[in-house]
Structure formats: structure tokens, C-alpha cells
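This note is written for a colleague who is meeting the structure for the first time. Please read the numbered points with the sequence and the model at hand.

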Amino acid sequence: MPVVERIFGLTILHLVIGAAAAGFARIDMGSGIGLNLLPIVPCFALTLCQASLLALWVVSSKIRSRHG
Amino acid sequence: MGRLLQNPLKARLIGMLFGAIYLEVIIPFSSSGEFLGLSGLAVALTILSLLAMRALGSKVEQRSEAMASEHDPSEGLRLSIGGIMIFTAIVAVLCTLAKTLQARGPTWFLLTVVWATCFVAVSLMCLWSVLGKGEPVQRALVVFVVSPLLGAFFAFAVQAHKAGCVCLLLITTLNPAVLLGSLCVVRSCGYRFVGKAAASRTLIATLPLNPD
């Protein structure tokens, strides 16, 4: 698979999973067995991972202009 | 807008802005909004760290498959006296910071800064682990040990309750797992950390040999 498609696929995957995790975090698990904070775990982990990838892209990416 | 995107610097700034806003919106959407600013601060601190490393001569750049493997000698994880001393110093600083946080009473801003700093440290370790020279597996194991330790440190510093501790430990375990997986895709595209010496070697290797 070409490099651009791989990176684009990773970006789309992160957007989709991030949105799903944000939706999952809204679920109320109840406080009976101490799992009330569990739904926010994937959302926080994914968001902070995406923050790192965004920073890496900002510092390291090469954007080609139309004039080369 | 099209003209703006033709300028690489402006395009990156616009991308960063949109990305940071998206990340800021996602966390308050999922929780009560008490962590506002966490992801933005994490982005800013990671960018500053990567720019500082770039200024010191280390940067992430794309290379061809052959060149990437040529500069990838299999290098085991080595422990040096200096490394152990640095690790001990970091643990001491973290313990002092935790005690200070406990004594002063944690404020929202201080907690956000400390937690974002922990995540930035884990992110940089993940970058070193996957995009650095040599086999990433051993280094990934180190990241999987250090990251939950930082989560435990944070839980201790804020005197989190039992459910909070479990939540922090899970977040600090899942975060490097996702990041390492994503960085493996980046690595498969040929991106590697290049130090100052390696960069100059590459420059010499690509110089034309024609005497004219």
C-alpha cells in the first residue's frame, strides 16, 4: 500500500475510533461496582495519543506546494 | 484558503489548530469538562519538545526502505551508570513533586500541567521506542513499564480514590499501546529518528561523486 494511503487510513481510523470512544464515554455504567469511570478510559487514551501524533505531524511533515 | 494551504507553514498551523480544537471538544464531550485544556497543552508541549530536539540536531524524517534498514543496526537495550543515575534523579524529582502537590492541595491548572507533562514524556518515549535505531520491541516493553508508573505517580500525587486509580492506570496502559501501534504504521512508511551524526552521514552519502 502506498505511503500516503497508509497515513490517510491511519488518520481516518483515529477519527472514527475517537468519535466512537467519545460516544462510549457518555455511557453511564452506574457506581455499583466502581466501574463508573471505565467508559472514559478509551477516550482519554485515544485523545492523548492523537495529540502526540498531531504534534509529530506538525513538526515533521513535508507539505509540497504546487511550485515544488 | 487554497492560497493559505500552498504555504507549508500556514497549512501546518491551520491543521494544528483544527486538530487541537477537535481534541479539546472530544474530552469535555465525554466527561464533565474538568479536563479542559489537557489535550491542547499536550499538543503544545509535545511540539515544543520536538522543536527543541530538532534544534539539537535530532528529527524525524522519511527515508527509503533500504536507507532505513542500513541505518538500523540491531542494538540491544543497554544500561549505563549515567542512565541509572538519570532515572534515579527523575524518580526523586517526581516524588518531590508529588509531595508538593499533596501539601499545597492540587489546583486544576497544576493538575492539568502535571498530567499533560506525564503524557508528553510517554509520547517521547514511544517515539524513541518505535522510530529510533534498532529493534523496537525491547524499548516498547520499557514504555509499558514506565507509563503505568507515571499513572501511579499521578494517582498518588492527587490522592485519587480506588476507581480513579484504576482509571488512571488503565489510561496510562492503553495510551502507549495505541500510540505504539500507530507509530508502527508511521515506521512502516520509512519514518525514522535521525540524529545529527546520521544526518551528516546521509548528506555525505548523497553528495555527487562527479569531480566536476
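1. A salt bridge is here a side-chain nitrogen of Lys or Arg within 4 Å of a carboxyl oxygen of Asp or Glu. By that rule the structure holds one salt bridge over all chains. The pair is B:K59 and B:E61, whose closest N and O atoms are 3.6 Å apart. Burial is judged by relative accessible area: under 20% is buried, over 50% is exposed, and values in between are partly exposed (1.4 Å probe, protein chains only). B:K59 is partly exposed, because its relative accessibility is 32%. B:E61 has a relative accessible area of 19% and so counts as buried.

2. On the basis of the model: it is predicted, so local features need pLDDT of at least 70 and side-chain atom pairs count only at pLDDT 80 or more, while totals for chains, interfaces and linings use all residues; side-chain values use heavy atoms, with hydrogens and water left out. Residues are numbered from 1 along each chain as its sequence is written, and chains are lettered from A and ligands numbered from 1 in the order in which they are written.

3. Chain A has two helices and zero strands; helices (H or I, at least four residues) and strands (E, at least two) are DSSP runs, numbered from the N terminus. Of its 68 residues, 40% are buried. The accessible surface of chain A is about 3,900 Å², with 66% belonging to carbon and sulfur atoms. Such areas come from the Shrake-Rupley method with a 1.4 Å probe, and for residues only the protein chains shown count as cover.

4. A:L15 lies in helix 1 of chain A. Its relative accessible area is 40%, and A:L15 is therefore partly exposed.

5. Chain B contains nine helices and two strands. Their order from the N terminus is α-α-α-β-α-α-α-α-α-β-α. Buried residues account for 37% of the 212 residues in chain B. Its accessible surface is about 12,000 Å², and carbon and sulfur atoms hold 72% of that. Among contacts (heavy atoms within 4.5 Å) in chain B with a separation of 6 or more, 76% join residues 24 or more positions apart.

6. How much area do the two chains bury between them? The size of an interface is often given as the accessible area lost when the parts come together. Chain A and chain B bury about 3,900 Å² between them, 77% of it on carbon and sulfur atoms; the value is the accessible area (1.4 Å probe) that the two parts lose on being put together, summed over both. A:F44, A:L48 and A:V59 supply 17% of the area that chain A buries against chain B, more than any other three residues. The contact takes 43 residues from chain A and 49 residues from chain B.

7. Across the interface of chain A and chain B there are zero salt bridges. Seven residue pairs are in polar contact between the chains, both residues at pLDDT 80 or more. A polar contact is a pair of N or O atoms within 3.5 Å; within protein, one must be able to donate a hydrogen and the other to accept it, and residues adjacent in sequence count only if both atoms are side-chain atoms. On the side of chain A that touches chain B, helix 1 (3–24) and helix 2 (40–60) each supply at least two residues. Helix 2 of chain A gives the largest share of that side, 21 residues.

8. Helix 6 of chain B deserves a separate look. B:T112 lies in this helix, and B:T112 is buried because its relative accessible area is 9%. Leaving aside residues up to four places away in sequence, B:T112 touches B:G37, B:L38 and B:L41. The C-alpha atoms of B:T112 and B:F35 are separated by 7.0 Å, although the two are 77 residues apart along the chain.

9. B:Q159 has a positive phi of about 50° although it is not a glycine. B:Q159 is in the loop between helix 7 (136–157) and helix 8 (162–188) of chain B. With 57% relative accessibility, B:Q159 counts as exposed.
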